[in-house]
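Hello,

Here is the structure I promised to pass on. Please open it and keep it beside you while you read my notes below.

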Amino acid sequence: GETIPTIEGESFDGSPVVITPGGDQGQVIIVVAHWCQHCQNEVPRVQEWLEEDGMPADVTLTAIATANDSTRGNFPAGDWLRREGWSVPTLVDDEESTAGQALGVSAFPFFVVVDADGNVVERVSGELTRDQWNAVLEAARTGQATSA
């Protein structure tokens, strides 16, 4: 039920990305790490769902690429996400993973579901099924937690 912080940063191409509480829409924030096998499975799956179903008009989706580490596989994250055809606006976290920490990330992939007032409805980690993904979107729309 806490309000998310405002998180500002840049995408891989240097354009600004800002995640703010409120805005009259629910939102889903997906946090991924380039070296995480579960993230490598989840990113193409979410992209496929987006291409097939789109996003609800009243929910926004933003990603955060965090835990970036040049000594770990699949680096850099931007190249990986481009190879996957990732269409989601993505904030590149800093070396201290400030954005991930601000959202309480404890595993990857990590989903933060936020209602239209900017309050956290729920946090979900791990790979989701399509039904769980749809439940997360519905939770963002309605502000009611699911059991995803």
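**Glu-42 and its surroundings**

A polar atom of the Glu-42 side chain lies 3.0 Å from the backbone nitrogen of Leu-128. A polar contact is a pair of N or O atoms within 3.5 Å; within protein, one must be able to donate a hydrogen and the other to accept it, and residues adjacent in sequence count only if both atoms are side-chain atoms.

This is a predicted model: local features need pLDDT of at least 70, side-chain atom pairs count only at pLDDT 80 or more, and totals for chains, interfaces and linings use all residues. Residues are numbered from 1 along each chain as its sequence is written, and side-chain values use heavy atoms, with hydrogens and water left out.

Glu-42 is buried, at 0% relative accessible area (buried means under 20%, exposed over 50%, partly exposed in between; 1.4 Å probe, protein chains only). Beyond its neighbours within four places in sequence, Glu-42 is in contact (heavy atoms within 4.5 Å) with Pro-109, Phe-111, Gly-126, Glu-127 and Leu-128.

Trp-133 also contacts Phe-111 and Leu-128, again leaving aside neighbours within four places in sequence. Other partners of Trp-133 include Val-28, Val-46 and Trp-49.

Now the cysteines. Cys-36 is buried, at 7%. Cys-39 is buried too, at 0%.

Best wishes
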